[in-house]
Amino acid sequence: MADLNLKILTINLKGPSGIGKPDKRRTTFIDIVKDTKPDIILVSEPGGFKKTVTDLNKDRESGQKFITAAFTKNHAAVLVKENLIQDKKELETETERVAISKIKLKGTSKTFLVAAYHGKYTSVKKPAKVKATQELFEVLKSIASDAGNGSGTSQIKQQAPMTVLLGGDFNYNIEKDEGVLVDDIASYGYAVWPYQASERRKRLKKDFILSYPTLAGYEEVTVLLDKTTPYKCYDHDPLFASLTVRPAQSAEGNVTEPNEEQQDPTEKSQKSRHVLCVQDCMELEEK
């Protein structure tokens with residue numbers, strides 16, 4: 001199986017109110033998509049989403065068409081490039097403010113659980129935000145583990161737990177000493193993809209991309225995450241990541257994906273270990 005290369009964009013579409021501002025955000029979003037050419041877009045606060053997606057898919061210069069794989073009104077949405085999807089299934093849970101979809105991409109043997117999230121607002125006290133994050137982690141882990149045990153539709157059934165890709169606006173800095181720490185996140189089995197926030201968001205770092213369970217069954221993962229560029233029509237800065245997943249190699253040089261049920265926990269942990277590398281890429285040109 002060949003390397004899997006994915007480009008992921010997470011973006012909060014909310015911004016200052018005023019005449020012409022929504023139209024400006026819509027055209028800027030299309031420009032960002034044209035510049036970064038993402039395969040998966042994780043959207044939080046998708047106001048005017050239907051028109052935004054329609055305009056994006058009508059734009060001839062972009063040369064890209066996207067399917068809405070999951071949508072939660074006022075809170076989150078998942079978009080995936082149309083020509084990449086082999087199978088998809090939107091999932092409904094009791095968890096608020098999250099859009100979740102099982103996605104199988106063409107040319108891969110891997111099924112992803114992709115989720116976009118919009119955390120509780122700043123008016124909510126920190127413990128409530130932390131609890132919501134913890135509950136979200138558990139729900140996604142549970143779905144991924146159930147899939148690994150063989151539940152789900154025949155098209156998207158697989159042996160190992162699904163890889164979770166989670167991104168969005170958590171509305172607090174999950175890296176700081178505010179309840180859920182990076183070490184705590186790791187204890188849940190998730191990895192936070194690090195990045196350097198722009199100057200205006202340095203003290204307001206609330207947008208993140210995470211993965212679980214450290215992309216089990218693969219030997220190496222490289223993540224290239226751009227420094228964000230402030231688009232003034234948005235309250236938040238978009239994050240763009242490039243992800244390369246390389247299948248593990250056997251001693252004979254053949255591609256292998258280990259059967260997790262046949263491994264002891266120590267061996268499984270070593271096999272699923274991943275490498276995150278951060279490289280400053282060229283900043284997106286401000287529109």
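These are my notebook entries on a predicted model.

**Ground rules.** Since the model is predicted, I took local features only at pLDDT of at least 70 and side-chain atom pairs only at pLDDT 80 or more, while totals for chains, interfaces and linings use all residues. Residues are numbered from 1 along each chain as its sequence is written, and side-chain values use heavy atoms, with hydrogens and water left out.

**Overall make-up.** I looked up the secondary structure and got 5 helices and 13 strands in the protein chain. Both kinds are DSSP runs numbered from the N terminus, helices being H or I with at least four residues and strands E with at least two. Of the 287 residues, 52% are buried; buried is under 20% relative accessible area, exposed is over 50%, and partly exposed is in between, with a 1.4 Å probe and protein chains only. I also checked contacts (heavy atoms within 4.5 Å). Among those between residues at least 6 apart in sequence, 68% join residues at least 24 apart.

**The sheet.** Next I traced an open sheet of 6 strands, in the order S5-S6-S7-S8-S10-S9, with mixed pairing. Its edge strands are S5 (85-91) and S9 (191-192), each pairing on one side only. Two strands count as paired if DSSP finds at least two bridges between them.

I then followed S7 (residues 111-118). S7 runs antiparallel to S6 (residues 98-105), joined by 7 bridges, and Lys102 stands opposite Leu113 there. With S8 (residues 163-169), S7 pairs in the parallel sense, over 7 bridges. On that side Leu113 stands opposite Val164.

How many residues of S7 are buried? I get 8 of 8. Both faces are covered: Thr111, Leu113, Ala115 and Tyr117 are buried on one side, and Phe112, Val114, Ala116 and His118 on the other.

**Salt bridges.** The structure holds 10 of them, with the cut-off being a Lys or Arg side-chain nitrogen within 4 Å of an Asp or Glu carboxyl oxygen.

- Lys34 and Asp59 meet at 3.8 Å, N to O. Lys34 lies in H1 (residues 21-36) and Asp59 in the loop between H2 (49-58) and S3 (66-72), so the pair ties together parts that are 25 residues apart in sequence. Lys34 counts as buried because its relative accessibility is 18%, whereas Asp59, at 22%, counts as partly exposed.
- Asp39 and Lys81 meet at 3.2 Å, N to O. Asp39 sits in the loop between H1 and S2 (40-44) and Lys81 in S4 (residues 76-81), so this pair ties together parts that are 42 residues apart in sequence. Asp39 and Lys81 are both buried.
- Arg201 and Asp207 meet at 4.0 Å, N to O. Arg201 is buried, and so is Asp207.

I also found that salt bridges with shared partners join Asp31, Lys34 and Asp59 into one network.

**The largest pocket.** For pockets I used a 1 Å grid over the protein atoms alone: a pocket is an open set of points where a 1.4 Å probe fits, with protein on both sides within 12 Å along at least five of seven lines, and lining residues have an atom within 4 Å of a point. The largest pocket has a volume of about 240 Å³, taken as the space filled by probe spheres set on grid points joined across faces, edges and corners.

Which residues lie nearest its centre? Of the 15 lining residues, these are Leu13, Arg25, Glu45, Gly47 and Gly48. H1 gives the most to the lining, with 4 residues.
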